[in-house]
Amino acid sequence: MSTLGSYGRLAGAAWVLIRADALVPRELAPMLPPGARGLAGFLRLFSGSAARRGRPGERLAGALERQGPVGIKLGQFLSTRADIFGIEFADDLSRLKDRLPPFPLDEAKAEVAAALGRPLDQLFSSFDQSIAGASLAQAHKATLVGGRQVAVKVLRPGVERRVAADSAALRTAARLAEAWAPASRRLEPKAFAETVVRALELELDLRFEAAGADELRAIMAHDGFMRAPTIVWEGVARRVLTLEWAPGAALSDPAALETPGLDRPTLANNLIRAFLAQALDHGVFHADLHEGNLFVAAPARLTAVDFGIVGRLGPGERRYLAEILWGFLRRDYARVSQVHFDAGYVPMHHDKAAFAQALRAVGEPVFGLKARDVSMGRLLAQLFQITALFDMRLRPELVLLQKTMVTVEGVARRIDPDSSIWAAAEPVVARWIARELSPAARVRDFAREARAAVGALARLAEPDPTPPVDAVEVKVETAERRTSAHPAIWFLAGAAASALSFSLAVLARLIGGH
């Protein structure tokens, strides 16, 4: 899209924000310098009726909903940065709804047939009206020729062009913010914009969602806390996703929790444990676990749908998460503090004991209370105050995890008001700690490192296959004589390392077996 077009779309979005008093909200006016306060007052002269309703976050959510896929995705990502915008503002943004009226059924059928490259009746015996519509896609209930009920997700016609144009405008806005609004640089506007755009690009190819759903279905099968529908691969294309129909009632329906025989405490625990098992044991987790994406059936069966957002954690982040949770569960605040410093999350010039003391102030009021008596907003507010006091910025790789964890606990609490994420988490975290930080695990890790050292030694001992050039022939030959003068050294070093590796591996098995 041209630069002129980007500025035009940006101006249109700014006008919507001004009309809603969401660009420079009146609530912020007392905190602005005199010049900016005057400009904000001038802009409010153009505000409409929407400017008089709700808090700043609610008004911004409403304005972003009207901006389409990019605006909605931007709001969803902004809602994860409570450390910058505050708890209330982020919470209001997290309620942003992605709903649009459906496009016609005949148009949807034509899109599916074109994407799959064959007539619709070759795969489906029936194809019903839309059951849900969003800014990127809509879903239909259908029946396969063999009689199996499925859900079919199809992208909106022309949505790719809309996303490309809005993404260009978002990048332009990020460049302007970084250049002219120094206060915004803590959010890293250009990097933040690229994160939003990249997430949307992946969601525009439903084959990625199908792959993520299939991967998570296999992961969920390990523990049984949650399940995912089976993918119908012959009904998958870039613009179409087909998967089996989820059993039970959508948790977004208030009547779902009144299902006869439903074990609500176990259901809440299953939700928390499913999320933590995915994140800790496998480093892959469903990152959009709100009520609309969860179906429940008696006694405590939980099925997740909509795999457009999948989070991933590397081994280092998984270890950090497990040790943090285990430290809080054991009230070992010194250990929690040390983990933050070891991971580089808190700069080394800060006092570890002071950070541990701050963590104690956050953690201690929570223990011994029922979930209904714990203010998650207050707890997060204190954590984010610590973030500022100790120069600790939320790491990008953990932002999605933190947002999902808060969502999961909120849903679990609505299922069972007495649910506690700490009590539910303990078995999963303890299992990970026993497996990954036990003496056997440490010996296993050391053996792995020893085997890697053997490989490195072997590579060092190999002669260089590249023939030396004439200009350096004497020096190379001299080096080769020095290297090959004691071939027994390489043999003995490799043998010793191999023996050590083998011994440690055997020892790990023996320890692990007891």
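This is a predicted model: local features need pLDDT of at least 70, side-chain atom pairs count only at pLDDT 80 or more; totals for chains, interfaces and linings use all residues.
Aromatic rings to begin with. A ring pair is described by two quantities, the distance between the centres and the angle between the planes. The pairing rule gives 7 aromatic pairs here. I will take Tyr320 and Tyr345 as one example. Their ring centres are 4.3 Å apart and their planes stand at 70 degrees; over 60 counts as edge-to-face, so that is the class of this pair. Where do the two residues lie? Tyr320 is in helix α12, residues 315–329, while Tyr345 is in the loop between α13 (333–342) and α14 (352–363). The pair therefore ties together parts that are 25 residues apart in sequence. As for accessibility, Tyr320 and Tyr345 are both buried.

Another edge-to-face pair is Phe341 with Phe355. Here the distance is 6.0 Å centre to centre, with 85 degrees between the planes. Phe341 belongs to helix α13 and Phe355 to helix α14, so this pair ties together parts 14 residues apart in sequence. Buried or exposed, these two? Phe341 is buried, and Phe355 is buried as well.

Phe341 also has a charged neighbour. Lys352 lies over the face of the Phe341 ring, at 5.8 Å from the ring centre. There is a contact of this kind at Trp245 too: the charged end of Lys141 sits over that ring, 4.7 Å from its centre.

One more item on rings: Trp15, Phe42 and Phe46 are linked into a cluster by ring pairs.

Now the sheet. In general, strands of a sheet pair through backbone hydrogen bonds, in a parallel or an antiparallel way. This sheet is open, has 4 strands in the order β1-β2-β3-β4, and its pairing is antiparallel. Which strands are at the edges? They are β1, residues 124–133, and β4, residues 240–244, each of which pairs on one side only. From one strand to the next, the twist averages 25 degrees.

Looking at the β4 end, strand β3, residues 149–155, pairs with β4 in the antiparallel sense over 5 bridges. To give a residue you can find on screen, Val154 has Val240 in β4 as its bridge partner.

What packs on the sheet here? Helix α10, residues 206–220, does, and it touches β3 and β4. The direction of α10 makes about 25 degrees with that of β4.

That is the end of my part.

How values were computed: Residues are numbered from 1 along each chain as its sequence is written. Side-chain values use heavy atoms; hydrogens and water are left out. Rings of Phe, Tyr and Trp (its six-membered ring) pair if their centres lie within 6.5 Å; planes under 30 degrees apart count as stacked, over 60 as edge-to-face and the rest as tilted. Helices (H or I, at least four residues) and strands (E, at least two) are DSSP runs, numbered from the N terminus. Buried means under 20% relative accessible area, exposed over 50%, partly exposed in between (1.4 Å probe, protein chains only). A charge sits over a ring if NZ of Lys or CZ of Arg is within 6 Å of the ring centre and within 35 degrees of the ring normal. Two strands pair if DSSP finds at least two bridges between them. Axes are lines fitted to C-alpha atoms, for helices over the stretch in contact, and angles run from 0 to 180 degrees between N-to-C directions. Contact means heavy atoms within 4.5 Å.
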